[in-house]
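Please read it alongside the sequence and coordinates.

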Amino acid sequence: MNAKFSAKCVALIAAGAMSMSLAACSGGSMDDSSSSNGSAANSDTITLGSVTTNSGTAAAYGEAEVAGFKLAVDEINAKGGINGKKVKLESMDDKGDATEASNAFNKLAGDNSVLGVVGPTISSTTAAVAPLADQSKLPAIAPAATSDSIETGGYMFRTCFKDSYQGEIAAKFAAETLKVKKVAVLYGTGDPYSSGVGKAFAAAAKKAGLDVVAEENSSSADDTEYSSQLQKIQAAGAEFLYAPYYYSVAGPYIIPQARSVGYKGYVMGPDGYDGLKMTDDKSLYNKVLYTTHYSPDDTSNAKVQDFIKSYKKANKNADPNTFTALGYDSVYMMKQAIEKAGKNATRESVRNAIAGMSFEGVTGNFTLDKKGSPKKSVIVLELKDGKPQYKTTIQPSK
Amino acid sequence: MGNQIIMFISQIFNGLKIGSVYSLVALGYTMVYGIIRLINFAHGDFIMVGSYVLMLTIPAIVAFGLPAWVAVIPAILMCVAVGVIVERAAYKPVREKGNSMTALITAIAMSLLLENGSQAIFGADYQTVPTIIQIPTLSIGKLKIDGATIITIVLGVIIMVALQLFVTYTKQGKAMRAVSEDKEASILMGINVNSTITLTFAIGSGLAAVASLMYCVSYPQVSPMMGAMLGLKAFVAAVLGGIGSIPGAMVGGLVIGVVESLTKAYIGTITGGIITSAFSDAIVFGILIIVLLVKPSGLMGEPETEKV
């Protein structure tokens with residue numbers, strides 16, 4: 001997630017993360033599942049490193065991811081480990097800082113018992129770690145770093161979809177599920193997230209045969225006034241508007257202003273709409289949709305309910321969030337890769353097992369593409385009286 | 001063709017919507033600059049303070065059965081208090097010891113202090129302001145005009161006229177003009193310069209609270225950094241209108257708003273997509289540079305005469 005998007009979810013998931021952070025802190029190094037094995041180079045254990053943001057503004061993400069890692073490791077150990085070996089998790093905090101993340105990763109790379117790393121948490125730290133992973137040939141899976149600019153596919157992979165992928169999926173959803181014909185797009189050129197997703201949508205929409213009647217921009221992704229652009233979009237006869245902005249702009253500004261210039265069609269956005277800030281009149285937000293990684297109401301995926309049950313049992317009935325789910329999947333991806341690499345798994349053989357792997361997880365079923373990002377199913381949520389509700393799951397195009 | 005004209009008028013009103021808010025903010029800038037020749041860069045942040053007070057007091061005011069806009073009264077009181085404290089604690093000591101450059105830097109420091117201070121108190125996250133007034137949209141045929149825009153413009157004109165009358169006819173207003181003409185001579189004439197300046201700040205800050213009310217009607221969200229860009233745009237408006245001129249601030253704000261809106265609406269078509277609506281901010285700040293080059297005194301300002 002990029003820095004701005006990071007800041008946003010903090011409040012959103014703070015409540016959930018608070019209970020998690022208590023659990024996480026009390027565990028210290030998170031290796032209580034294998035407390036009998038102190039030595040790092042013990043051949044009876046497999047060590048997984050984790051680099052996450054556990055302090056600073058994005059701490060809530062990192063804590064949620066660690067909770068997901070821990071749950072997955074505990075489950076794996078309860079079922080006899082990987083290839084008969086217990087799994088040990090070596091957790092490091094990068095404080096949301098690229099230098100700290102690099103140092104933490106290098107420390108893990110220097111420890112020969114570490115077979116793979118899960119993390120880092122946010123896009124900026126992941127971008128810093130990606131070249132280090134290639135240099136030290138230590139495979140890493142970032143659970144939630146969505147930025148398009150991260151170099152993946154060497155030794156760095158990710159569990160989440162890339163930002164721009166959401167634009168492609170939204171175009172597919174508009175064409176195939178909503179069956180609209182005339183679409184419009186509005187994005188902030190000054191923001192890589194907004195413009196990256198917006199441009200990807202426009203390209204995919206044209207490819208899908210949709211009529212892109214308006215392609216409008218704003219200077220930045222935190223403007224307050226969009227009526228001029230929205231008026232043009234309305235006049236162009238759009239039935240569907242894709243507006244990739246953050247929750248703090250789409251909620252109070254874009255959607256009410258769109259309704260006020262008379263636009264009655266669909267408004268759709270990416271995961272930046274999570275925790276949308278809404279004005280008092282919730283009726284303005286009907287026909288608003290957004291894509292996300294995970295929904296507890298996802299009925300199409302049996303793994304989701306098992307995951308929630310298992311998490312609640314281990315965490316005093318607290319609800320897991322998206323980051324927990326992505327973290328949980330990341331560890332299981334490592335497990336699948338290490339199992340494939342076999343008893344004598346090395347970092348290189350694990351890397352080769354991750355590349356191009358097919359995986360079935362809580363956040364969807366997917367295959368990693370050549371660039372190390374998944375082509376995966378995406379959840380679409382729709383707002384009903386201001387509350388996000390599970391709408392459908394969009395499967396990736398073949 | 002008819003649709004094109006309606007579209008054009010709608011776009012003008014879209015511009016007036018944000019422009020009327022710029023006007024209210026610019027009035028505060030120009031008021032302070034006109035008297036003490038200080039560009040109060042913290043003015044945008046006074047709006048932020050006012051907006052937080054609105055957000056926090058509206059639920060209580062509504063619970064008392066009063067209309068929500070009454071919350072502007074605590075907002076004015078708070079902004080005046082903050083304005084006077086900032087003046088007394090930061091600007092006055094600097095004014096007595098330093099020059100206009102040190103005063104300007106102090107203003108920037110105060111702006112950062114207010115932004116980061118409120119971030120420490122309220123957190124960095126955005127918060128929604130409850131609905132203040134439901135103003136119906138005016139429909140004239142196909143043309144839709146936002147009611148808040150009209151109220152903001154009317155309010156701006158009332159404030160502009162009131163300020164102009166105040167400055168021209170009251171004893172305090174005359175004292176303000178005298179201080180702006182010549183501070184030393186005013187002291188000799190028995191004018192209490194410090195209390196006159198404090199009064200100026202109190203009025204300017206009170207205006208910020210009124211501006212925050214109209215801002216929150218149209219854009220119902222607060223965050224610690226909300227005043228920064230708004231303040232800058234309003235500053236450009238004040239310079240365009242002629243900083244120090246009260247009607248100039250009003251005109252400047254509306255012009256900036258309309259320029260912004262028309263840029264967003266038409267520049268792409270006019271330039272064949274080479275310059276897009278994303279350039280609207282660049283064009284607004286381009287105006288600042290052109291005004292400073294061509295007519296530094298602005299549209300309605302008096303030409304600056306060097307005082308010896």
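**Notes on helix packing, interface and sheet**

1. In chain B, α1(B) packs with helix α9 (residues 226-241) at an angle of about 70 degrees, their axes being 8 Å apart. Axes are lines fitted to C-alpha atoms, for helices over the stretch in contact, and angles run from 0 to 180 degrees between N-to-C directions. α1(B) and α9(B) are therefore roughly perpendicular to each other, a class covering 65 to 115 degrees. Helices (H or I, at least four residues) and strands (E, at least two) are DSSP runs, numbered from the N terminus.

2. This is a predicted model, in which local features need pLDDT of at least 70, side-chain atom pairs count only at pLDDT 80 or more, and totals for chains, interfaces and linings use all residues. Residues are numbered from 1 along each chain as its sequence is written, and chains are lettered from A and ligands numbered from 1 in the order in which they are written.

3. Among the α1(B) residues that meet α9(B) are B:Tyr22, B:Ala26 and B:Tyr29, and the α9(B) side includes B:Leu230, B:Ala234 and B:Phe235. By class, this contact has 9 nonpolar, 4 polar and 1 charged residues. Ala, Val, Leu, Ile, Met, Phe, Trp, Tyr, Cys and Pro count as nonpolar, Asp, Glu, Lys and Arg as charged, and the others, Gly among them, as polar.

4. Between the chains, 26 residues of chain B are in contact with 24 residues of chain A (C-beta atoms, placed from the backbone, within 7 Å). α1(B) gives the most to the side of chain B that touches chain A, with 6 residues. That side divides into 9 nonpolar, 11 polar and 6 charged residues.

5. In helix α7 (residues 227-235) of chain A, 8 of the 9 residues are buried (20 or more other C-beta atoms, placed from the backbone, within 10 Å of the residue's own). The buried residues of α7(A) pack against β6, β7, β8 and α8 of chain A, together with α1 and α10 of chain B. Just after α7(A), A:Gly237 takes a positive phi of about 80 degrees.

6. Chain A has an open sheet of 5 strands in the order β2-β1-β3-β4-β5, with parallel pairing (at least two DSSP bridges between two strands). β2 (86-93) and β5 (156-158) of chain A are the edge strands, each pairing on one side only.

7. Helix α10 (residues 322-341) of chain A lies across β1, β3 and β4 of chain A, and runs at about 150 degrees to β3(A).

Terms used
Two residues are in contact if their C-beta atoms, placed from the backbone, lie within 7 Å. Angles under 35 degrees count as roughly parallel, over 145 as roughly antiparallel, 65 to 115 as roughly perpendicular and the rest as oblique. A residue is buried if 20 or more other C-beta atoms lie within 10 Å of its own, exposed if 12 or fewer, and partly exposed in between; C-beta atoms are placed from the backbone.
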